[in-house]
Amino acid sequence: AIWIDYAKQAEEIAAGIGDERRELAAIINRAQAMNFANPPKHSIELAEPAPKRANRAGFHDLELLAWYIIGQAHYAAGNYRQTIDLLTQQMEQLRGDNSLVRFGTAGTTSVLFLMMISLAAASL
């Protein structure tokens, strides 16, 4: 719960100074924390606007991180088909020069997307 509280504080501070990048990073971070502490639907609701906002602002790394966090939440909620569809739609962005890049994830983002897709497919 403290992770969620700190992320909320960071989000409010960033919004207060007009720093959209940090605000989005805090929102995504809070959604990630919520994946572990709250029902997944809360994480999904919080994070759903983030990819579109990140895309409009040109924050490619935050957009992909947001999609991953949303995919995790859908997987945790048992929405396996939605997990597969959502993450598969983003895979084109993770090819070529981006195939080995970490976009805010703990590991190579393309590999994590593929792992989550595979886990969801195995759960159908």
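The legends below walk through several close-up views of this predicted model.

Local features are described here where pLDDT is at least 70, and side-chain atom pairs count only at pLDDT 80 or more, while totals for chains, interfaces and linings use all residues. Residues are numbered from 1 along each chain as its sequence is written, and side-chain values use heavy atoms, with hydrogens and water left out.

View 1. Helix α1 runs over residues 2-16; helices here are DSSP runs of H or I with at least four residues, and strands would be runs of E with at least two, numbered from the N terminus. The 15 residues of α1 should span 21 Å at 1.5 Å a residue, and the end C-alpha atoms are 21 Å apart, which agrees. That expected span is 1.5 Å times one less than the number of residues. Ile 4, Ala 7, Glu 11 and Ala 14 are the buried residues of α1, where buried means under 20% relative accessible area, exposed means over 50% and partly exposed falls in between (1.4 Å probe, protein chains only). The arc is that of the directions from the helix axis to the C-beta atoms. An α-helix has 3.6 residues a turn, so residues three or four places apart point the same way. Turned away from the buried side of α1 are the exposed residues Ile 2, Tyr 6, Ile 13 and Gly 16. After α1 comes Gly 18, with a positive phi near 75°.

**View 2. Where α1 meets α2.** The buried residues of α1 pack against α2. Three aromatic pairs are found in a search of the whole structure; rings of Phe, Tyr and Trp (its six-membered ring) pair if their centres lie within 6.5 Å, and planes under 30 degrees apart count as stacked, over 60 as edge-to-face and the rest as tilted. In the pair of Trp 3 and Phe 36, the ring centres are 6.0 Å apart and the planes are at 25°, so the pair is stacked. Because Trp 3 lies in helix α1 and Phe 36 in helix α2, this pair ties together parts that are 33 residues apart in sequence. Trp 3 counts as partly exposed at 36% relative accessibility, whereas Phe 36 is exposed, with a relative accessible area of 61%.

View 3. The buried residues of α2 include Glu 23, Leu 24, Ala 26, Ile 27, Ile 28, Arg 30 and Ala 31. Among the elements covering the buried residues of α2 are α1, α3, α4 and α5. The 18 residues of α2 should span 26 Å at 1.5 Å a residue, and its end C-alpha atoms are 25 Å apart, which agrees. Take a look at Arg 21 too, which lies over the face of Phe 59, at 5.1 Å from the ring centre; a charge sits over a ring if NZ of Lys or CZ of Arg is within 6 Å of the ring centre and within 35 degrees of the ring normal.

**View 4. The largest nonpolar core.** This core has 31 residues, and Ile 28 and Phe 113 touch the most other members. A nonpolar core is a set of buried Ala, Val, Leu, Ile, Met, Phe, Trp, Tyr and Cys residues joined through side-chain atoms within 4.5 Å. Two or more residues each come from α2, α3, α4, α5, α6 and α7, and α5 gives the largest share, eight residues. Leaving aside neighbours within four places in sequence, Phe 113 is in contact with Leu 64, Trp 67, Tyr 68, Leu 87, Gln 90, Met 91 and Leu 94, contact meaning heavy atoms within 4.5 Å.

**View 5. Leu 62 in helix α5.** Leu 62 lies in helix α5 and is buried, with a relative accessible area of 7%. Not counting residues up to four places away in sequence, Leu 62 touches Arg 21, Leu 24, Ala 25, Ile 28 and Ala 54.

**View 6. Helix α7 and Ser 123.** The buried residues of α7 are Thr 109, Ser 110, Leu 112, Phe 113, Met 116, Ile 117 and Ala 120. They cover an arc of only 165° around the axis, which puts them on the same side of α7. Elements covering these buried residues include α5 and α6. Ser 123, also in helix α7, counts as partly exposed at 31% relative accessibility. Setting aside neighbours within four places in sequence, Ser 123 is in contact with Tyr 75 and Tyr 80.
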